[in-house]
Amino acid sequence: MTGQERSEEKSECVSLSPMREAVPAPPECERVCVFGTGDLGRSLGLRLLQAGYGVVFGSRRPHRSSSLIPHGAQVLGHAAAAQSAHLIFIAVQREHYDFLVPLANQLKGKLLVDLSNNLRKNQYPEANAEYLQSLVPGAEVVKGFNTLSAWSLQNGPSDANRQVYICGESVEAKQAVMAVATKLGFSALDRGFLSVARELEDFPLQLFPQWRLPLHIATGLSAAFVFYLLIRDIIYAYVTQGKDISFRIIVSLANKVCPIVSLIMLSLCYLPGVLASFLQLYRGTKYRRFPDWLDRWMLCRKQLGLLALGFAFLHVLYTLIIPIRYYVRFKATERTVSVIRENRTTEFDTTAAWRGDSYLSLGILGFSLYVLLGITSLPSVSNVLSWREFSFIQSKLGHLTLLLCTAHTYLYGWNKFLSSSTYKWYTPPGYMLCLVIPSVVLLLKLLLITPCVDRTITRIRQGWERGADQRNPKDSQPLIP
């Protein structure tokens with residue numbers, strides 16, 4: 001190699017930017033181009049630099065943009081930048097695609113990655129990527145990286161933002177983009193041809209898609225029990241005794257609704273798993289899909305649990321402010337004065353003390369495990385746990401949490417279910433209603449952990465199928481002695 005050739009090779013691996021010193025690029029010096037110097041474009045360029053790519057920005061005003069781009073990148077006009085790299089990221093909005101039309105010749109044979117999104121669904125008759133392809137027919141257009149935010153690109157991929165969806169007509173072009181995504185630390189998924197681009201562009205417009213069903217359940221349960229307890233507690237006292245206790249709606253009523261909804265939603269987290277186990281027992285195989293409603297239910301268990309934890313937190317906070325409420329302080333003072341005036345004494349009730357302490361202790365233990373379940377559901381925590389550890393916490397300790405919280409509610413009711421005064425207008429109190437589902441879940445779970453049922457479930461989940469014994473006698477040997 002001559003000295004001139006070495007000099008040319010060295011100059012190719014140096015990134016220059018106006019008003020900056022020359023910065024050596026990575027050894028492989030694989031150069032990519034980014035059109036757009038906004039937040040998303042700069043964040044993507046910075047991530048590419050950190051991954052070892054040489055980055056050239058294309059800008060309408062390169063001299064003005066030179067102070068904004070990451071250190072180590074180069075900024076040029078669009079035409080010059082397009083000639084510097086084969087892979088070009090289009091980080092501009094669709095309304096500004098017109099500048100690409102005069103560059104059609106320079107972009108011929110290039111690979112363009114469309115990062116754009118829209119403000120609302122069906123904003124345009126075709127997807128942005130399809131429109132881009134029509135403007136530059138000689139280029140290969142791939143839709144990708146549009147589900148990532150500038151923040152996630154700057155801070156690196158997290159579990160909630162690790163997936164990158166790709167679609168395009170050329171297999172080779174998609175593989176090239178997926179290779180870049182993998183090198184940046186993301187997990188790339190090929191969704192098919194460019195006709196899928198509209199679906200990918202709608203992803204960022206979705207508002208809590210995994211939370212809709214849990215939020216609907218939480219809202220429905222909350223509204224139903226607020227209405228039910230409003231009738232039993234507030235309206236009943238006004239109609240039968242002429243008392244206006246409407247002030248209790250703010251704290252007392254809310255402190256009844258929150259634990260009720262929390263316990264029901266916690267039990268709804270574990271009910272689909274129990275139903276799935278019985279369905280596998282009934283079918284005698286694990287190789288059949290669950291019904292769609294059960295699939296959807298199981299996919300939103302995490303959201304159900306986190307909402308249940310939120311209601312439990314509200315219950316704890318409402319309980320902590322009970323001693324400082326005016327109504328409570330007034331009733332305590334009135335009771336004390338009444339006892340002094342009448343010169344009465346009250347004997348210590350050991351049974352009530354045991355019940356009260358047990359009730360509080362179970363509540364504290366249940367809430368502590370509740371918090372543990374919530375913490376381990378976070379991606380940053382669950383990633384450091386093995387599957388056995390995660391399963392032990394979410395399944396074993398989860399059912400223990402449900403058992404403690406259910407026992408906590410039973411102790412709250414104690415023997416009130418025997419008293420006719422408990423059933424106002426012949427209706428049971430709210431805490432009795434909320435015990436139905438968790439009690440059913442715990443009873444069904446108790447059946448599943450009995451040795452004979454548990455052994456069959458284990459065999460099914462290890463691949464055994466009922467009826468396969470006649471087809472293959474070797475399968476008839478039990479997996480668990």
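**Helix crossing and aromatic pairs**

The axes of helix 16 (residues 387–413) and helix 18 (residues 436–448) come within 10 Å and cross at roughly 135 degrees. This is a predicted model, in which local features need pLDDT of at least 70 and side-chain atom pairs count only at pLDDT 80 or more, while totals for chains, interfaces and linings use all residues. Residues are numbered from 1 along each chain as its sequence is written, and side-chain values use heavy atoms, with hydrogens and water left out.

**Chain overview**

- The chain's secondary structure comes to 20 helices and ten strands; helices (H or I, at least four residues) and strands (E, at least two) are DSSP runs, numbered from the N terminus.
- Of the chain's 481 residues, 40% count as buried, where buried means under 20% relative accessible area, exposed over 50% and partly exposed in between (1.4 Å probe, protein chains only).
- Among contacts (heavy atoms within 4.5 Å) between residues at least 6 apart in sequence, 69% join residues at least 24 apart.

**Helix 16 and helix 18**

- Axes are lines fitted to C-alpha atoms, for helices over the stretch in contact, and angles run from 0 to 180 degrees between N-to-C directions.
- Helix 16 and helix 18 are therefore oblique to each other; angles under 35 degrees count as roughly parallel, over 145 as roughly antiparallel, 65 to 115 as roughly perpendicular and the rest as oblique.
- In helix 16, His 399, Leu 402, Leu 403, Thr 406 and Tyr 410 meet Pro 438, Ser 439, Val 441, Leu 442 and Lys 445 of helix 18.
- The residues of this contact divide into six nonpolar, three polar and one charged (Ala, Val, Leu, Ile, Met, Phe, Trp, Tyr, Cys and Pro count as nonpolar, Asp, Glu, Lys and Arg as charged, and the others, Gly among them, as polar).

**Aromatic pairs**

- The structure holds twelve aromatic pairs; rings of Phe, Tyr and Trp (its six-membered ring) pair if their centres lie within 6.5 Å, and planes under 30 degrees apart count as stacked, over 60 as edge-to-face and the rest as tilted.
- Tyr 236 and Trp 425 form an edge-to-face pair, because their ring centres are 5.1 Å apart and their planes are at 85 degrees.
- Tyr 236 lies in helix 9 (residues 212–241) and Trp 425 in the loop between helix 16 and helix 17 (430–434), 189 residues apart.
- Trp 425 counts as partly exposed, at 40% relative accessibility.
- The pair of Phe 247 and Tyr 327 is tilted, with ring centres 5.3 Å apart and planes at 55 degrees.
- Phe 247 lies in the loop between helix 9 and helix 10 (252–283) and Tyr 327 in helix 13 (residues 326–342), so this pair ties together parts 80 residues apart in sequence.
- Phe 247 is partly exposed at 39% relative accessibility, and Tyr 327 is partly exposed at 28%.
- Tyr 359, Tyr 412 and Tyr 431 are linked into a cluster by ring pairs.
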